[in-house]
Amino acid sequence: MTALAPQPTTAPRAGHAPPRFAALLPGPVAGLGALAVLLLWWRTTPSVIGPAGWLTESGRITGLLAGYGAAVLLLLMARIPVLEHHVGTDRLARWHAMAGRYTVGLALAHTLTILWGYTLTSRTDPVTQTVDVLHYPEMLKGTLGFLLMLLVGATSARAARRRLPYEAWHLIHMSSYLAVFAAFSHQLVLGAQFVASPLARVFWYALYLSAAALLAWYRFLTPIVIAFRHRMRVAEVRVESPGVVSVYVTGRRLDELGARAGQFFRWRFLAPDLWWAANPYSLSAAPRPDLLRITVKAAGRHSAALADLRPGTRIWAEGPYGALTADRMESGRALLLGGGVGITPLRALFETLPGDLTLVYLARTPEDLALREELEALAAARGARAVFFVDEPAGHRLPLTASSLRRVVPDLPTRDVYLCGPPGMARAARTALREAGVPRHRIHHESFEF
Amino acid sequence: MSAESSLRLVEPAMGTVFSFDVRTPATDEIHAALTSAVAWLHHVDALFSTYRPGSQISRLGRGELTVGECAPEVREVLDRCRELSEETGGRFSSTPAGRLDPSGLVKGWAVERASDLLYEAGALDHCVNGGGDVQTRGEAAPGRPWRIGLAHPADHEAVAAVVEGRDLAVATSGTAERGAHITDPRTGRPASALLSLTLVGRRLATVDALATAVFAMGEEAEDWLRSRPGLHAYAVTADHRVWSTPGFPFAAPLGAPCHAV
Amino acid sequence: MRRALITTGTTLAGIVLLLSLKPHESTLHNASAPLSTGDVPGPETRASQPAGPTATSGNGTFIGDAVQTEFGTVQVRITVRDGALAKVDVLRYPDEDRKSVAISRFALPRLTERTMAAGNAQIDTLSGATYTSEGYRRSLQSALDQAGVR
């Protein structure tokens, strides 16, 4: 591979989990950056005088931190492989959500305090002062950026997300690129810290340009490179059961992607209804050099449209992502515990994980047990165990408690547990597993709730 | 066509905006003098601002300080206020309506001093405009005197007349922006027979202070000015007529009429 | 929700702490321009607030207190001759390489047709009744200044 080729995520040595501390490293690093920003304020501010001074300087501090936060938010979503692999996509998304809320709050505080401080200094009234500020250079763009940021923040609140269709939320969220771009110039032109210190300007440009470069490469260009290199297309669409389809993806040299069972890709199907989003779906079978498979339950407009995909449709895919792989195994035994749609990565792992395997699959009804025949066939072929539980009809339900889990899997505390399912089920399962004596570091779970 | 400035700066202070325009090629010394001039303006603001309860002038006004305890700048300003008051028969006063407020002199005086700082550093050709009160030294370009427009009191976008000269100080008093804030100290009531009055002289401190006083004179202004040949005046009356002193340094017309009142 | 409150509270506390650690008043920091005492005529007196003996008239050089302005700390030296201010020297201003942030704080508005009016009359500056900073922005003078700056 040439240096320009997007590197597949480097797999650590089999049998060793990615070092746990690596997951905790980005936090302190980001914190150091924030300290550097505060230091910049400290060095360029001789004094703080009077209420106007306190307010204006608070505005400057919060503005600097918000600007820094925006760059960090971009970096978290840039799909940088080393972050995706060591921290995990789901954790990155959660950090992004938390940092996003914080940054929007900082931006709001910045706007209010600095306007108030300016009002006191100029001895006018808030309305006059705000109108005045809108005429400063780059401030129309800055205001646009701020308002967009508020919109993105407001629509990302849980209450709002529940009401918005995913597509609408996604579109609004994408405007945060525009928001950051619009707000950038006012920081450099009006920021007292940047007027005073050329070094600060260099630092700021470096921060944003590297975030932009990483974004451009890993999030936008890499998929295109992968598309040309591997030419993924839809080979076949098969209905597994009502509402559940499998999409078979073919291409060239797919093994060079380095995908492993348990991982997922972000798939952009170049079909009229589907081209605008790159949605994550896990591989539902072990990856082959010429074939990948995903299995999707029709839950929204996007997933429902997959059933209508025509063979030959081109695909831009990014990945592989995800840390739910064989590398995390510590013992020689595993329990794959899945609920509903969470069965897909577990189905792939069931095919390839070494050692003594037990698969426990929970669903609402027998019809919802997707890929059931395959799982039973795999269990027979590999000498593994697959058990199924449903909520309806009554009498076949597995309560998610420590005792019932131990009854099904007597040697549970000695096993690695791969857990995948809807948030409520996963939470309950986690609690039960811990109670049953499974140590935290042996519960392997990916959750995309944020 | 405007001549090349070598140095320009805009600085807010004293609740208004000061514009610096240096035509002499800028040296390090002139740069430093400009920074000093700006610092000087803020210094004056801190000492003399009647909006700041902690300024020396405010404290002096409340009796917390005696004149002897104030900085020499304060004493100088108050001394000159006294002289000007005598000169104008009380129409200039540092205590309009009973409060201690030498603002009528302070801004022009501060600009004049700022201009001196620049001049002494070698900026022989420069213009300092403090919120509409202008002190120029030298010329705008070799062979070309400074051209100072007089804002039309009723229309922010129009120029009523243009003054031309070297080493001129121009100050305008009027009701245009801040409203009828100019009080006749003798009557305590607004002086409003004129919409605006512009005085042209050599040194801005005097010119600025007198502009306020002469504005308050209203109809009596023309008589008073006759006794001061070194000063020129241009006035716009409340009914939109203009008059000016003989020999007022109007710029030679360039073709476009610029009296539009 | 609780986490949000804790985060907000911590941030607020952090900012207040940072601000409170900065000086809030007049502090004499290290002089960049040394005060040369040997070459000025007349007695040198430090004028302090509020009390302090000062020369009543005549000649003298007075070094004012460092005055705290929103611009920063400023200190002037006044030379008085025959009872009148003869010379002003600024000894201390906050930061030599700090460009005046006026241009960034009070933006000059975009060039409009107004500058044509000023341009036709070919004036260098404008005298008028005192404008506030807001009024400045709307005035022809700001257009003139901007034409010179850009």
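Trainee: How do the axes of helix H3 (residues 72-87) and helix H4 (residues 103-120) of chain B cross?

Mentor: In this predicted model, the axes (lines fitted to C-alpha atoms over the stretch in contact) come within 11 Å and cross at roughly 120°. Helices here are DSSP runs (H or I, at least four residues) numbered from the N terminus.

Trainee: Why are H3(B) and H4(B) called oblique to each other?

Mentor: Angles under 35 degrees count as roughly parallel, over 145 as roughly antiparallel, 65 to 115 as roughly perpendicular and the rest as oblique. The angle is roughly 120°, so H3(B) and H4(B) are oblique.

Trainee: What makes the contact between H3(B) and H4(B)?

Mentor: Glu73(B), Glu76(B), Val77(B), Arg80(B), Cys81(B) and Leu84(B) of H3(B) meet Leu105(B), Val106(B), Trp109(B) and Arg113(B) of H4(B), with contact meaning heavy atoms within 4.5 Å.

Trainee: Now to chain A: why do strands E1 (233-241) and E5 (291-297) count as standing at the edges?

Mentor: The open sheet has the order E1-E2-E5, with antiparallel pairing. E1(A) and E5(A) each have a single partner strand, so one side of each lacks a neighbour in the sheet.

Trainee: How do you know that E2 (residues 244-250) of chain A pairs with E5(A)?

Mentor: Pairing takes at least two DSSP bridges, and 7 bridges join these strands. In one of them, Val249(A) has Leu292(A) as its bridge partner.

Trainee: Which conventions apply?

Mentor: Residues are numbered from 1 along each chain as written, and chains are lettered from A in the order written. Local features need pLDDT of at least 70, side-chain atom pairs 80 or more, and side-chain values use heavy atoms.

Conventions
Axes are lines fitted to C-alpha atoms, for helices over the stretch in contact, and angles run from 0 to 180 degrees between N-to-C directions. Helices (H or I, at least four residues) and strands (E, at least two) are DSSP runs, numbered from the N terminus.
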